[in-house]
Amino acid sequence: MSTGSLQARAEGWLGNNDVRLLIALALAIGGLYALFSVVLGFQLNGTVNTLRRVAFLSAIYAMLALALNLQWGYAGLFNLGAAGFMAIGVYTMGILTAPVTASPPGFGLPLPVAIVGAILVTGIIGGLAALPAIRLRADYLAIVTVAFSEIVRLTLRAPEFANTRIAGVAFGTGGATGLSLPSNPIRVLFYTDPATTAPAPNALGAAIFSAVEPLGIEETLVIGWAYVIVLCLCLGLLYWLMIRIGKSPFGRVLKSIREDQQVTQALGKDTRLFKIKTFALGCALMGLIAIFWRLSGGYASPRMFKPIQTFYIFIALFIGGTGSPTGSIVGGALFASLLFEGPSFIRRVVAEYLQLSNAPDTLVSALAELGTLDVTPLLAYSVQDVSISALRLMLLGIVLVYLMQRHPDGLLGHRKAIASSVALSQQATREDDNE
Amino acid sequence: MSKNGHSARSDQTRNGQQEQILKVENLRKTFDGITAVADVSFHVEKGSITGLIGPNGAGKSTTFDLITGVQRPDGGAVEFNDTEITGYRSDQVANQGLVRTFQIARELSEMTVLENLMLAPQNQAGEAVWRAVLPRARAQVVEQEKELREQAWEMLELFEIEHVAHESAGNLSGGQRKLLEMARVLMTDPEMVLLDEPLAGVNPTLEEKLIDRLHTLKEQGYTFLFVEHDMDVIMNNCDTVIVMHQGSVLTEGQPDAVKNNEKVLDAYLGEEVKI
């Protein structure tokens with residue numbers, strides 16, 4: 001491909017309104033968190049780290065929303081078991097990479113092999129889980145999948161499988177204590193021997209670390225940002241992939257299944273196969289994205305895969321609007337930055353500037369004080385560290401009710417992308433004929 | 001128009017004798033003890049327009065459902081083009097070249113008229129997800145899409161609905177939906193089409209147009225079996241008429257013979273039928 005055509009292609013992408021919207025959104029979120037950091041008096045390292053965390057979570061939730069959009073937005077498959085498939089992906093990878101001598105032991109496979117294995121396992125289990133539900137209506141599929149996801153989580157937590165041996169093969173999930181995962185693979189770029197605890201930087205690592213050291217930026221932060229950049233590239237790839245699928249004849253069949261399965265079948269499409277394939281593909285993607293999510297932390301435990309995780313992804317999808325890949329990214333980024341991370345930053349800002357004491361023990365008693373028109377107890381309760389998850393849930397509820405009332409189709413509204421690989425106008429037909 | 005080239009269409013007669021494309025033998029279906037189709041047997045000749053009539057509740061739509069695999073029969077057999085298709089799923093039936101429309105037009109309302117048409121053709125390369133994505137394979141998909149687009153525009157012109165090509169199908173009028181549904185089944189390149197009340201809710205001008213298309217398509221070799229309540233339409237346009245009553249075939253034959261059949265008159269006037 002020549003430089004000229006690459007440049008033309010890049011200009012084409014940047015000229016695209018959706019891409020411009022996404023770039024503007026990223027800048028806006030970045031600006032907001034830079035402001036938070038200034039208000040909270042963070043050093044440069046703290047500010048850059050805040051931005052990294054927000055960018056990381058935004059990218060992860062945007063990708064998860066894209067995967068769910070394939071199932072729910074395109075094909076109308078109501079997968080309430082996303083957390084379970086994410087867990088399968090992460091644990092399969094963890095068990096495949098864990099050294100044979102570790103406790104719990106694993107298979108000692110290299111990470112890339114384990115990731116491919118995890119994608120396959122999650123995809124196959126996703127396809128199998130869809131089998132009994134394939135003839136069912138959307139609500140039954142939801143019940144089957146949410147139950148399935150809980151079975152997965154409880155199985156992973158069960159002490160019986162924490163360190164076990166089946167058919168002579170020793171492996172384990174680590175039970176409730178969780179499972180150690182390989183260290184962040186991006187370290188390979190910066191260290192000569194990344195597996196060791198205090199590795200020596202390679203040429204690239206040494207150059208970058210010494211360049212950012214005077215700014216007070218730590219090595220771990222450089223690695224963290226490198227990981228986020230790779231994630232953003234993956235997000236871009238997934239976005240492109242979803243647009244391609246949406247515009248393909250495959251996507252066209254999915255759209256028609258969502259609308260009327262019987263008619264689609266009457267036109268000669270084997271809707272069962274399309275549904276199984278879509279479900280398997282979506283689940284495999286969820287497994288892979290969950291691996292991206294947990295690899296940076298180096299650790300996984302069953303409590304990370306509670307059903308609330310699935311609801312988070314649904315909320316992200318609803319915010320942006322189902323059926324549109326751009327909407328999924330907007331929803332994922334807004335969910336992660338404002339709803340998920342927002343409350344704790346607001347809490348810190350409030351705590352920094354308002355001196356609040358004597359916080360009530362429960363939300364109910366905090367609300368009861370409102371009767372005397374005194375909002376301080378509620379404010380004091382809200383800014384406590386322990387009440388953040390309650391506050392987050394309350395905020396999610398409010399946002400959901402607002403969305404249902406005002407924007408049932410999501411913030412980007414109902415977007416109709418034409419499901420076709422070519423322009424459909426009659427003029428386009430004639431132009432082709434004249435070629 | 002033919003893409004898959006169901007060649008049988010062109011040789012509708014063999015040795016001067018009409019070929020039977022659809023054979024239905026002793027079809028039965030009950031729902032919770034209520035018999036919808038008691039014992040239905042009939043044959044449809046290739047290249048014909050055959051009418052299926054009968055009072056409400058005679059079992060016409062259920063018969064359609066049983067033939068096209070929307071429901072499984074409790075007994076009996078369906079043979080299409082000498083292949084037994086009893087118990088086939090509806091997509092398998094459609095892939096044999098036998099497609100149907102529904103009594104109430106079921107357009108895919110959130111998709112545009114063109115998308116509705118582009119969906120229908122069978123054996124689309126881009127229906128395999130990897131071909132839809134990988135660059136080299138996608139080139140083949142794009143080529144096929146261009147061909148389908150051309151077919152779709154031809155079909156729109158045939159049914160004179162090209163002015164609503166980019167409209168969401170949900171915005172069409174009742175009559176336009178009927179036209180779209182017929183255009184859509186024809187896009188599957190079928191040999192035979194079952195039309196369930198294609199003229200219900202269609203204004204007289206449009207009705208004439210639709211019937212006109214039916215005859216044009218018949219000339220091209222398509223076979224039609226259609227349910228209709230308007231006796232004039234049936235009597236003036238069908239080669240053969242099959243009359244159903246209370247889940248069974250009452251009689252079948254040329255329109256004139258059927259029209260004067262006493263049992264048919266009784267059935268329509270609500271008299272007790274003595275068979």
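Predicted model: local features only at pLDDT ≥ 70, side-chain atom pairs only at ≥ 80, totals over all residues.
1. Taken along the principal axes, the C-alpha atoms of chain B fill a box of roughly 65 × 45 × 40 Å.

2. Make-up of chain B. Ten helices and twelve strands are found in chain B. Of its 275 residues, 47% count as buried. Looking at contacts in chain B with a separation of 6 or more, 67% are accounted for by residues 24 or more positions apart.

3. Domains of chain B. The domain assignment divides chain B into domain 1 (16–107 + 188–269) and domain 2 (110–171). Note that domain 1 is written as two segments, 16–107 and 188–269. The centres of the two domains, taken over C-alpha atoms, are separated by 29 Å. Contact between them involves six residues of domain 1 of chain B and nine residues of domain 2 of chain B.

4. Chain A overall. Chain A has 18 helices and four strands. Its radius of gyration is 24 Å, close to the 22 Å that the globule rule gives for 435 residues, so chain A is as compact as a globular protein of that length. The C-alpha trace of chain A spans about 70 × 65 × 50 Å along its principal axes. In chain A, 42% of the 435 residues count as buried. Among contacts in chain A between residues at least 6 apart in sequence, 71% join residues at least 24 apart.

5. A helix pair in chain A. Two packed helices are described by the angle between their axes and the distance between the axes. For helix 2 (residues 17–39) and helix 3 of chain A, the axes come within 9 Å and cross at roughly 145 degrees. This crossing of helix 2 and helix 3 of chain A is right-handed. On the helix 2 side, the contact is made by I29(A), G30(A), Y33(A), A34(A), F36(A) and S37(A). Helix 3 of chain A contributes G46(A), T47(A), T50(A), L51(A), V54(A) and S58(A) to the contact.

6. The largest nonpolar core. This core has 180 residues. Those with the most contacts inside it are M63(A), L64(A), M286(A), I289(A), I313(A), F335(A) and A183(B). Helix 3 (residues 44–74) of chain A supplies the largest share, 18 residues. Domain 1 and domain 2 of chain B both give residues to the core, so the core lies between them. As for M286(A), its contacts, leaving aside neighbours within four places in sequence, are L64(A), A67(A), A82(A), F85(A), M86(A), G89(A) and T122(A).

7. The contact between the chains. Chain A gives 32 residues to this contact and chain B gives 36 residues. On the side of chain A that touches chain B, the elements giving two or more residues are helix 8 (219–246), helix 9 (249–259), helix 10 (261–266), helix 11 (271–295) and helix 18 (426–434). Helix 9 of chain A gives the most to that side, with seven residues.

8. Helix 9 of chain A. Is this helix buried or exposed? Ten of its eleven residues are buried, so helix 9 of chain A is largely enclosed by the rest of the structure. The buried residues in helix 9 of chain A are P249(A), F250(A), G251(A), R252(A), V253(A), L254(A), K255(A), S256(A), I257(A) and R258(A).

Key: Residues numbered from 1 in each chain as written. Chains lettered and ligands numbered in written order. Core = buried A, V, L, I, M, F, W, Y, C linked by C-beta atoms within 7 Å. Buried ≥ 20, exposed ≤ 12 C-beta atoms within 10 Å, placed from the backbone. Domains from an automatic or database assignment. Contact = placed C-beta atoms within 7 Å. Axes fitted to C-alpha atoms, helices over the stretch in contact; angles between N-to-C directions. Left-handed = near helix turned anticlockwise from the far one by under 90°. Rg over C-alpha atoms; globule rule 2.2 N^0.38 Å.
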